Amino acid sequence: MIIPIMCLPVTSCQSLTRVLALVCCFTQVRSYAQTALSLPEITITSSRGVLRARTDAETKTTALPTTPGTPVRIQPGTTVFTDYYGHALITLPGAGAVMVGPKTSIRLPTAAEADRTLEFNCQENVYKGRNCKLFMNLSAADIARQGGANFVLKTSQLMLTSKGGRFFVNDAQRFSPSGEADIPCCTMGVHEGSVSVLEPVKKQTAELKAGGAVLIKPGEIGAPRVMSKAEVSYDIGCKLAALGKDVPARLPPSMRPPRPTPPNSTVNSLGMALVPVPGTRVLMCIHETRQQDYASYEAANPAKSGNPKHAQAFWGWEDHPVSASWDEAQAFCAWLSQKEGKKYRLPTDEEWSHAVGIGSQEKRKQDTHPKGLSGKIRNHYPWGSSWPPPEGAGNIPDISGITEWPGTWPHDIKRYDDGFTGTAPVMSFKPNRLGIYDLGGNAAEWCEDWYDDSRQQRVLRNCAFWHRLNGDDFMLSSYRDSDRPDSGSDGNGFRIVLEQP
């Protein structure tokens, strides 16, 4: 059983102790060992999504025949690519195991490249602006049997050596200082053991030990810091890699506390619970539409499934909100309505306001559009009236987000850490007084209405995990966003309502 470290409480005293320990354990080193362990092959033991491969002699990639339970052996001089939502668990004979996340490539060097054991890179030429992750679990005992050689990993931003341990690399990040161009960077963090890091531009070197993380930019290794909650959770990926098991689609009970169904709720055929919303004639789903809900629609309508909707999550992705356009949300509601003989649809902007608790305060006229109401009610947030957000308020931009996308962020939310860099499994935070979850954070939610008189864009409510603004406007219950109906941007999701007679 995997214990969710990200859920364990850390007291202020413990945090201070960890910070002081980091100061002592992160040191500059004078030399960088280049005796690299050589691997005869690597084996893909499990994967999700489409994997492709290319040898050094080839110019085009070919799809790998990955069958569940059947390992695929990869020879030196071969690069393996994951797709936008894919992953691969890879065994390294005589060294340990790794897990590579979406949009990445892993290459096994040839014997002639004696200065490295493995190469890891982000497919920036295909997925621009997207960082990517690698989780490593190296066996110190296995490496010790290799005659004193080190495991050496090369990425676009660093080279690292280790004699064993668990650590992660978050590569192809972008540091965004205020008013300046983005700077390429990466983050390195160690869960167990130690790692020697070489920054290739100015040849700076440093050693990082357990509990620490560091940002590396061209010519600069940053100051050590304690990992964010999201980075601590990456240790799950390291352990999954060592076990050689598939990434779980649904979170096990040990990783997510059960949420009781509200006593006044109605549960539909997909297991979606809906509750009455005072001031309206609808029942609203207590959670955003999940991957598993949308998968039922796709299974019944394979020709209409379009692009894959899997969350950019490493585990438990079926519990995450689906990312969909307004048009796709409408198609889902139409399918579910026909399936059950009831009227499902998206909530109106006014119904969503009633659900979040401001419906009776908004002054609507016949010609009022959502754009004219955006941000008008101040000091009201989905979690209450406090600012900055209290602990557990929801999945919003925070410390974990800062470590994922370094740079300039609103100063207030730097004191908040919800443990997620993208979407979170639905119902991970406390519900409101109606029993409805995630009205503040996680995914932006489509509504039925046009945003304004131009009738070009539809309304989105909820601040979502990715909203960033210098101030609290995006967090207000009254804030409205908008997008084209055909836009399937990551982070745009929806929840359904059921009309009552």
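These legends walk through several close-up views of one predicted model.

**View 1. The whole chain, before we zoom in.**
Let's start with the overall picture of this predicted model. The chain has 501 residues, and 56% of them count as buried.

**View 2. An open sheet of five strands.**
Here five strands line up in the order β19-β20-β21-β27-β22, and they form an open sheet with antiparallel pairing. Which strands sit at the edges? They are β19 (266–267) and β22 (344–345), each of which pairs on one side only. Helix α7, made of residues 349–356, packs on this sheet and touches β21 (282–285), β22 and β27. The direction of α7 makes about 70° with that of β21.

**View 3. A closer look at β22 and β27.**
Stay with the sheet and focus on one pair of strands. Strand β27 covers residues 497–499, and β22 pairs with β27 in the antiparallel sense over two bridges. Which residue of β27 is the bridge partner of Y344? It is L498.

**View 4. Strand β23 and two of its partners.**
Strand β23 spans residues 444–450, and it runs parallel to strand β26 (residues 492–493), with two bridges joining them. Strand β24 (residues 458–461) is joined to β23 by three bridges, and this pair runs antiparallel. Look for E445 in this view. Its bridge partner in β26 is G493, while its bridge partner in β24 is R461.

**View 5**
Is strand β9 mostly covered or mostly open? Strand β9 (residues 118–122) is mostly covered, since four of its five residues are buried. Strand β8 (residues 104–108) is joined to β9 by four bridges, and the two run antiparallel. In this pairing, S105 stands opposite N121 of β9. Strand β11 (residues 151–154) runs parallel to β9, and two bridges join them. To find that pairing, look for L118, whose bridge partner in β11 is L153.

**View 6. Helix α4 and its cover.**
Helix α4 runs through residues 235–243, and its buried residues are D235, I236, G237, C238, L240 and A241. What covers them? The cover includes the strands β6 (87–92), β7 (96–100), β10 (132–138), β13 (165–175) and β14 (183–199), along with helix α3 (229–233).

**View 7. Two buried cysteines.**
Finally, take a look at C238 and C285. Why does C238 count as buried? Its relative accessible area is 0%, and buried means under 20%, so C238 qualifies. C285 is buried as well, because its relative accessible area is also 0%. A disulfide is a covalent bond between the sulfur atoms of two cysteines. How many disulfides does the structure hold? It holds zero.

Key:
Residues numbered from 1 in each chain as written. Predicted model: local features only at pLDDT ≥ 70, side-chain atom pairs only at ≥ 80, totals over all residues. Heavy atoms only, no water. Pairing = 2+ DSSP bridges. Contact = heavy atoms within 4.5 Å. Axes fitted to C-alpha atoms, helices over the stretch in contact; angles between N-to-C directions. Buried < 20%, exposed > 50% of the residue type's maximum accessible area, 1.4 Å probe, protein only. Disulfide = S-S within 2.5 Å.
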